[in-house]
2 protein chains.
Amino acid sequence: MSIIPTSELIEKLKKGDRRILGKAITLVENDGEGKVELLDYAYRTMREDCLVLGITGAGGAGKSTLIDKIILAYRNQGKTVGVIAVDPTSPYTGGAVLGDRVRMGMHSTDTGVFIRSLGSRGALGGISQASKDALYLYKSFGFDVILLESLGVGQAETEINDFVDVTVVVLVPGNGDNIQMAKAGIQEIADVFVINKADKPEAETVYIQLITSFDNLPENLRPYVVKTVATENRGLDELLKCIDLALKRQLPNRFRKKKERVKCEIASGVRRRFDEVLSLRVQDMLVPVLVGNLTPFEASKQVSSKIRVEE
Amino acid sequence: MSIIPTSELIEKLKKGDRRILGKAITLVENDGEGKVELLDYAYRTMREDCLVLGITGAGGAGKSTLIDKIILAYRNQGKTVGVIAVDPTSPYTGGAVLGDRVRMGMHSTDTGVFIRSLGSRGALGGISQASKDALYLYKSFGFDVILLESLGVGQAETEINDFVDVTVVVLVPGNGDNIQMAKAGIQEIADVFVINKADKPEAETVYIQLITSFDNLPENLRPYVVKTVATENRGLDELLKCIDLALKRQLPNRFRKKKERVKCEIASGVRRRFDEVLSLRVQDMLVPVLVGNLTPFEASKQVSSKIRVEE
């Protein structure tokens, strides 16, 4: 991919070269040479005080428009913004690349904004390795605010929670999934609910259903709820205010979250390397299982018995 | 959980004791004693000729009603039906158990139907270990048709595809997620699309959008599309016919799918055992990383270097 040596890449990153940030992400995403050095550099130099905002929501919720407006709102506060967007594209298409160009749109001349789309493969309800890696690079690059768009799956998945400071869940009135989503555990990961397209007549119903669903939660654990009409810039100030409040509430969790991130990161690196060895052993067992000499469960026991971890 | 010895459990399963099937699933789901023997037994005795039908779709699509009617339609053909339902419940609630009672409803007196709800934890867009295990037990118990309900995540995830013969995706008119879902790769895993609530005026739009989205596919790869009104039993005959056609089309893939299942099963067994060891090693590395002596990436390299797989 890149013919620039990693040391030079790092020098240019230090100087704040946005074009090089793009190259660095591509290198890391493609497991290019120098990936580990680059991530080590990013990890050692990353800002710990930036705001990492997770944004999720079902399709059709107007998430992209809302993200556009959130970017503008932070830019008006003089803050730099990095966006990691995950496109729900088929693994069979190259949608992520096209998405980049379309989505940069209104921000393409603003040097205080950087948007990168990443494929969502392997990130169902969680956070892909590519997004995690990009997050280190963004933090090291020094953005004040990092928006991490994730896929709305209407399902509790807490891993991503450890990688963001505040999670915003976008709902839209008249979508049957709304309340189901709120019930299906996303309530436990949402810090702020946004009811977007709040000028729709059904908005009030969604609002009341949502608020009511928090009845059993202690007051200091109830998510904030904000109504917005992103296309008309309505509710954005209040949303940013709620994000601030949610961040203050989350501050005591920062160290715990960091610990979880570190654990998750070490483990996933080991698992990735282990999986390469494992696939060979699985292949060895395939025929004995297919001919009926072993069940898959016996086969995995046999493989496991050959794994040693030295002290 | 169970105080019945595994050998006795197996004897009773052989006799077709449905109550014992329920106990066996609970034992396996809870990693109870005798789990491996039970799964070995199920694997060695399972029917290879039953129809495993995956049913997925966004919330609010009327999936439960449709599943009810599909059960009845197969029962009318004299076939026995086992259902593995995955409830999108929060990990914080015990919803799966309640769901069981509610959903058995109209079938509770029919001994040719067996329904079991399982938690969806760790099954995002895929298939949970508990569902896979239940599937072996169902196949061994001898159902003619097994319905495996999975979570609609609007996302391509192909693993589940290897565990079912035919995948039915349920859409509902007027839900913004429909076409997004169809675009987001689910098209690649769907054998049959059902447009439920087809009496809604928007149904025709969804139908045409859907059919049009297949334009680029070769004819023999285009999913079947059926309109149903499950509440009125409309379209069920056609749906079963399309499932039959889809099964015939899938028959050449059966051996390949079996191979993938076996690989997936061996690997996941090994990974589960490995994860127990891994978590201890990760814990050892936590402090060096948190104090800044190592990055998580260096730490995972160090852990990996200590893993040996004997020949």
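Residues are numbered from 1 along each chain as its sequence is written, and chains are lettered from A and ligands numbered from 1 in the order in which they are written. Because the model is predicted, local features need pLDDT of at least 70 and side-chain atom pairs count only at pLDDT 80 or more, whereas totals for chains, interfaces and linings use all residues; side-chain values use heavy atoms, with hydrogens and water left out.

The secondary structure of chain A consists of 11 helices and eight strands. Helices (H or I, at least four residues) and strands (E, at least two) are DSSP runs, numbered from the N terminus. Chain A has 311 residues, of which 56% count as buried; buried means under 20% relative accessible area, exposed over 50%, and partly exposed in between (1.4 Å probe, protein chains only). Among the contacts in chain A with a separation of 6 or more, 74% are between residues 24 or more positions apart, a contact being heavy atoms within 4.5 Å.

Two packed helices are described by the angle between their axes and the distance between the axes. Axes are lines fitted to C-alpha atoms, for helices over the stretch in contact, and angles run from 0 to 180 degrees between N-to-C directions. In chain A, the axes of helix H1 (residues 6-14) and helix H3 (residues 35-45) come within 10 Å and cross at roughly 30°. H1(A) and H3(A) are therefore roughly parallel to each other; angles under 35 degrees count as roughly parallel, over 145 as roughly antiparallel, 65 to 115 as roughly perpendicular and the rest as oblique. Their crossing is right-handed. A crossing is left-handed if the near helix is turned anticlockwise from the far one by less than a right angle, and right-handed if clockwise. On the H1(A) side, Thr6(A), Leu9(A), Ile10(A), Leu13(A) and Lys14(A) take part, and they meet Glu37(A), Leu38(A) and Tyr41(A) of H3(A). By class, the residues of this contact between H1(A) and H3(A) are five nonpolar, one polar and two charged. Ala, Val, Leu, Ile, Met, Phe, Trp, Tyr, Cys and Pro count as nonpolar, Asp, Glu, Lys and Arg as charged, and the others, Gly among them, as polar.

The axes of helix H10 (residues 254-290) of chain A and helix H10 (residues 254-290) of chain B come within 5 Å and cross at roughly 145°. The crossing of H10(A) and H10(B) is right-handed. The contact of H10(A) with H10(B) has 24 nonpolar, two polar and 10 charged residues. Pro288(B) is placed in helix H10 of chain B and is partly exposed, at 24% relative accessibility. Apart from neighbours within four places in sequence, Pro288(B) is in contact with Asn293(B) and Leu294(B). Between Pro288(B) and Gly78(B) there are 210 residues in sequence and 64 Å in space, C-alpha to C-alpha.

A search of the whole structure finds zero disulfides over all chains, a disulfide being a pair of cysteine sulfur atoms within 2.5 Å. For Cys50(A), which is in no disulfide, the nearest cysteine sulfur is that of Cys264(A), 18 Å away. Cys50(A) is buried, with a relative accessible area of 1%, and Cys242(A) is buried with a value of 8%.

Thr228(A) is located in the loop between strand E7 (224-227) and helix H9 (236-250) of chain A. At 1% relative accessibility, this threonine is buried. Not counting residues up to four places away in sequence, Thr228(A) touches Leu66(A), Val194(A), Ile195(A), Asn196(A), Lys197(A), Ala198(A), Arg234(A) and Gly235(A).

In chain B, Asn233(B) is found in the loop between strand E7 (224-227) and helix H9 (236-250). Although not a glycine, Asn233(B) has a positive phi of about 65°, and at 44% relative accessibility Asn233(B) is partly exposed. A positive phi, of about 55°, is also found at Asp31(B), which is not a glycine. Asp31(B) lies in the loop between helix H2 (18-29) and H3 of chain B and is exposed, at 55% relative accessibility.

Lys35(B) lies in helix H3 (residues 35-45) of chain B and is buried, at 12% relative accessibility. Beyond neighbours within four places in sequence, Lys35(B) is in contact with Leu27(B), Val28(B) and Asp133(B). Lys35(B) and Thr109(B) are 74 residues apart in sequence, and their C-alpha atoms are 29 Å apart in space.
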